[in-house]
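Open the model in your viewer, switch to a cartoon view, and let's walk through it one selection at a time.

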Amino acid sequence: VGSMAANEASFNIHIKSVDVPDFTINARPSATVGHLKDLIIKEKSLGDGKIVRLIYQGRSLDDSASLLASRLTDQCFVHCSIRDAQPDPSHIIDIPLPPSSVLVRRDGLEPPAPTAHAPPEERVSASMAHSSMDGTTEDFLFGFVMGFLVGFITLFWMWDASMPRRTRLGIAAGVMFNMCLSLLRTPEKAPE
């Protein structure tokens, strides 16, 4: 009987919050966390339209659990987060958007990038097309042919900042391919 009376003695719970100055609430250990939240709302005159979230030892407290079940003790510190309630979703008007093919970018150059729901190959090809400095396969082939036919002179052309990256790679690959073929074509001279 003595331990039961000790358990029902009131707890002084220190509430720390960024939103309101720190304060202390007196509550019975058998009270629920929801009741503690009601006491906080009443103490600070928060009114309706506020959501109170209580955190103790890194855990968010469940409204239906008692203070003892939540392991709160006398003189403990509970962190309190107070925010506005979200609007009722039934009052939100859902306006359908047009299909993505109808949407046009503000600059008018390209259609918007596909969403995550698009097939993977469409996402990859669209992401490559959106990067103008990356270049295309044709840019690579053009660079390769130029590097192969013109040779080392095109290496100086690679420093042009407006050239797509794939054209630069094509030039480097074309020059390297030209060098490899020239090594294969050179006949070895027999010693005399």
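Start by selecting strand 3 and strand 4: the two form a hairpin with two residues between them. Click on Q57 in that turn, where phi is positive, at about 50°. Keep in mind along the way that this is a predicted model.

To see a bridge pair, show I55 together with S60, its bridge partner in strand 4.

Select R53 and you can find its bridge partner, S81, in strand 5.

In which order do the five strands lie? The order is 2-1-5-3-4, in an open sheet with mixed pairing. Strand 2 (23–27) and strand 4 (59–60) each have a single partner strand, so one side of each is left without a neighbour in the sheet.

For the last stop, select residues 33–43, which are helix 2. Helix 2 packs on the sheet and touches strand 1 (11–17), strand 2, strand 3 and strand 5 (77–84). Compare directions here: that of helix 2 makes about 135° with that of strand 2.

Terms used
Residues numbered from 1 in each chain as written. Predicted model: local features only at pLDDT ≥ 70, side-chain atom pairs only at ≥ 80, totals over all residues. Heavy atoms only, no water. Pairing = 2+ DSSP bridges. Helix = DSSP H or I, 4+ residues; strand = E, 2+ residues; numbered from the N terminus. Contact = heavy atoms within 4.5 Å. Axes fitted to C-alpha atoms, helices over the stretch in contact; angles between N-to-C directions.
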